[in-house]
Amino acid sequence: MDRPQSNYFGAGPAQLPLPVLQQAAKDLINFQNEGLGIGEISHRSKKAKNVITDTKAHLKELFGVPDTHEVFFLQGGGTTGFSSVAANMSAAYLGKTGKVGTAAYLVTGSWSEKSAQECERLGVPTEVIFNVKKETGKYTTIPDVSTWASKLDAEKHSYVYFCENETVHGVEWPAQLPAELVNSKIPIVADLSSDVLSRKIDISNYSLILAGAQKNIGLAGLTIYIIKKDLLDDMSKVSPAQLREHQLPVAPIATDYPTVVKNDSAYNTIPIFTLHIIDLVLKGLMEKGGLAKQQEENEEKARILYTALDKFPDFYNLPVDKKYRSKMNVVFTLKKDGLEDKFIEEAASLNLTGLKGHRSVGGFRASLYNAVELSSVKLLAEFVTKFAEDNQ
């Protein structure tokens with residue numbers, strides 16, 4: 001089982017390492033000589049449970065997850081996470097304090113904006129600490145912490161939420177979170193869907209992490225969660241009746257975090273094949289040298305492409321503040337009209353695909369996820385250089 005070299009830069013579902021797909025294809029037919037494919041075995045069987053256990057262990061090892069945190073998996077993606085976060089985190093605050101808290105959102109792009117909107121739609125008191133687009137007209141930066149940290153209030157806010165990497169707009173938070181945010185004593189919740197396992201981070205700074213698998217580490221259909229164990233205890237103190245009494249949403253049982261953790265992510269039928277894909281990716285990362293090695297490679301890929309684009313400031317427009325440029329999603333437009341279709345067609349002729357920008361913003365987007373080879377990025381850098389030289 002093989003295929004031609006893929007130079008695919010789509011934002012998700014995204015490219016996966018070929019060895020992962022080759023092994024997964026075999027396992028889909030006959031998993032560990034079971035005589036059945038992995039998608040056919042019971043999610044409560046010993047082999048399925050081993051997949052859950054192994055994936056959790058590998059994730060903990062790669063990320064350096066401390067004993068204070070637990071790992072679990074939920075069906076769905078980031079959008080499911082928007083609602084599950086709002087319901088479970090508001091329950092945790094009520095369980096801890098006996099009061100209804102206000103969820104705080106830091107909006108730097110369309111995904112954090114949608115999450116804040118979902119929180120509000122569910123009836124959870126919501127405060128947008130800042131919305132970059134409303135304040136500047138576009139999502140291209142992250143405000144200096146001095147302009148918003150004073151708005152955070154541990155007595156008021158049940159959690160503070162941000163999207164670490166905005167896939168559509170190409171804005172990424174620094175790996176080192178602002179000290180003012182970390183020291184706020186407010187539980188930090190982050191969506192890492194499009195940069196999960198692309199770099200080293202300090203897990204202890206986060207109270208809850210969610211990451212849809214389909215952009216950087218797997219197939220669509222599953223989301224990774226890493227949560228502080230004390231939050232699970234707080235959530236368990238509150239009954240559905242108490243939540244309704246305080247006009248807070250009750251999480252559906254399949255997305256009730258304590259229930260999911262208690263049942264080892266298998267309260268309902270977990271998509272075990274999808275989870276197996278994630279585990280194969282994790283094992284590949286470990287064999288490669290872990291996150292330090294992957295981060296080094298990702299930084300090199302981003303450097304190569306941004307350098308090529310920056311050579312032509314009169315031809316390419318890179319809207320994002322350099323300090324917050326995403327290493328996963330490089331967004332750009334052309335300053336000269338009428339060349340967009342030509343760019344896509346000529347790129348495709350060189351087997352460079354998946355470069356169209358999100359439909360809401362247009363332009364172009366090259367997603368440099370873990371599975372994108374360095375050689376593919378070099379080819380793209382050569383193409384953007386030649387295209388600018390030929391069309392200025």
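I count two residues as in contact when heavy atoms lie within 4.5 Å. The model I am reading is predicted, so I take local features only at pLDDT of at least 70 and side-chain atom pairs only at pLDDT 80 or more, while totals for chains, interfaces and linings use all residues. Residues are numbered from 1 along each chain as its sequence is written, and side-chain values use heavy atoms, with hydrogens and water left out.

**Entry 1: Thr-274**

I looked up Thr-274 and found it in helix α10, residues 272-288. Helices are DSSP runs of H or I with at least four residues, strands are runs of E with at least two, and both are numbered from the N terminus. I set aside the neighbours within four places in sequence; Thr-274 is then in contact with Leu-219, Ala-220 and Leu-222. I note Thr-274 as buried because its relative accessibility is 10%. Buried means under 20% relative accessible area, exposed over 50%, and partly exposed in between, with a 1.4 Å probe and protein chains only.

**Entry 2: the two domains**

I read the division of the protein chain as domain 1 (28-285) and domain 2 (289-390). These bounds come from an automatic or database domain assignment. The domain centres, taken over C-alpha atoms, are 29 Å apart. I find 23 residues of domain 1 in contact with 23 residues of domain 2.

About 2,000 Å² is buried between domain 1 and domain 2, and carbon and sulfur atoms give 55% of that area. Val-168, Glu-172 and Leu-285 lose the most area on the domain 1 side, together 25% of what that side buries. Buried area here is the accessible area (1.4 Å probe) that two parts lose on being put together, summed over both.

I then checked polar pairing and noted 14 residue pairs in polar contact between the domains, both residues at pLDDT 80 or more. On the side of domain 1 that touches domain 2, α2 (46-63) and β7 (171-172) are the elements that give two or more residues. A polar contact is a pair of N or O atoms within 3.5 Å; within protein, one must be able to donate a hydrogen and the other to accept it, and residues adjacent in sequence count only if both atoms are side-chain atoms.

**Entry 3: Asn-7**

I found Asn-7 in strand β1, residues 7-8. Asn-7 counts as buried because its relative accessibility is 5%. A polar atom of the Asn-7 side chain lies 3.3 Å from the backbone oxygen of Asn-351. Beyond four places in sequence, I list the contacts of Asn-7 as Leu-350, Asn-351, Leu-352, Thr-353, Ser-376 and Leu-379.
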